[in-house]
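Please work through the two exercises below with the sequence and the model open side by side.

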Amino acid sequence: LATTYAGTFSIVSTEPDSNLLESFNTLDYTNTTATLGSMGPARKQLGTVNGDNRMAGQRLTLSQASNVYADSFTVRMASVKSFSGGGDTNSVLLSIVAADDSEVASYTYDFSSAAFAKGDYISFDLGGVELESNAGGVVYEFQLYFGETDTENALSLERDNGGNSYAGGALISKASTAAVLSLPIASPNGGNSDMTFFLQGSV
């Protein structure tokens, strides 16, 4: 069974540039920051949208010759967001899911007093979790969702809309009217866009 960790996160203004195992940067693809305000429809947003609790994440492929230890998974904000910290719970959950829908590890991050600027990078600490990798490629899903729904629970995460620009996977999403999603999400919806993401660690 996967272990659930109380994780930590950091907010930085520059993209990760060291110990990258896999990554895709929308800015490299579009070569402009002008598209940040319109990265895609709201259904790709993480969190509460029109009463639905929406998951968003990225499917990716590890092709290192041997297993890796993943230290962090980083995404980028497409708009400003500030949580009130006034007693509401705003727990972001991260689940690492293997191709057979089994959960490798899961994490809970407390966003109750977090504030983000457009363009900020959110780096989720993974604690050096071991992930299988080989030259033939091993597919994982990094699924993000809120553990509860309220009017504050929404994050707009940066993505491209250019069509399969990251060859090793795609953005994934799922919407549910349930207040709490059943985790992990089996067979989420795929697409032809990709999140800005950076997976850091060591072989």
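This is a predicted model: local features need pLDDT of at least 70, side-chain atom pairs count only at pLDDT 80 or more; totals for chains, interfaces and linings use all residues.

Residues are numbered from 1 along each chain as its sequence is written, and side-chain values use heavy atoms, with hydrogens and water left out.

**Exercise 1.** Explain why strand S5 is described as largely enclosed, and trace its pairing.

Step one: ten of the eleven residues of S5 (residues 52-62) are buried, so the rest of the structure largely encloses this strand; buried means under 20% relative accessible area with a 1.4 Å probe, protein chains only, and strands are DSSP runs of E of at least two residues, numbered from the N terminus.

Step two: S5 runs antiparallel to S4 (residues 46-49), joined by three bridges, where two strands pair if DSSP finds at least two bridges between them. Val49 has Asp52 as its bridge partner, and in the hairpin, with two residues between the strands, Asn50 takes a positive phi near 50 degrees.

Step three: six bridges join S5 to antiparallel S14 (residues 171-176), with Gly57 partnered by Ile172. Seven bridges link S5 with S12 (residues 138-146), also in the antiparallel sense, and here Arg59 stands opposite Glu141.

**Exercise 2.** Describe the surroundings of Asp110.

Step one: Asp110 lies in strand S9 (residues 103-110).

Step two: leaving aside residues up to four places away in sequence, Asp110 touches Phe9 and Asn90, contact meaning heavy atoms within 4.5 Å.

Step three: Gly7 is 103 residues from Asp110 in sequence, yet their C-alpha atoms are 8.1 Å apart.

Terms used
Buried means under 20% relative accessible area, exposed over 50%, partly exposed in between (1.4 Å probe, protein chains only). Helices (H or I, at least four residues) and strands (E, at least two) are DSSP runs, numbered from the N terminus.
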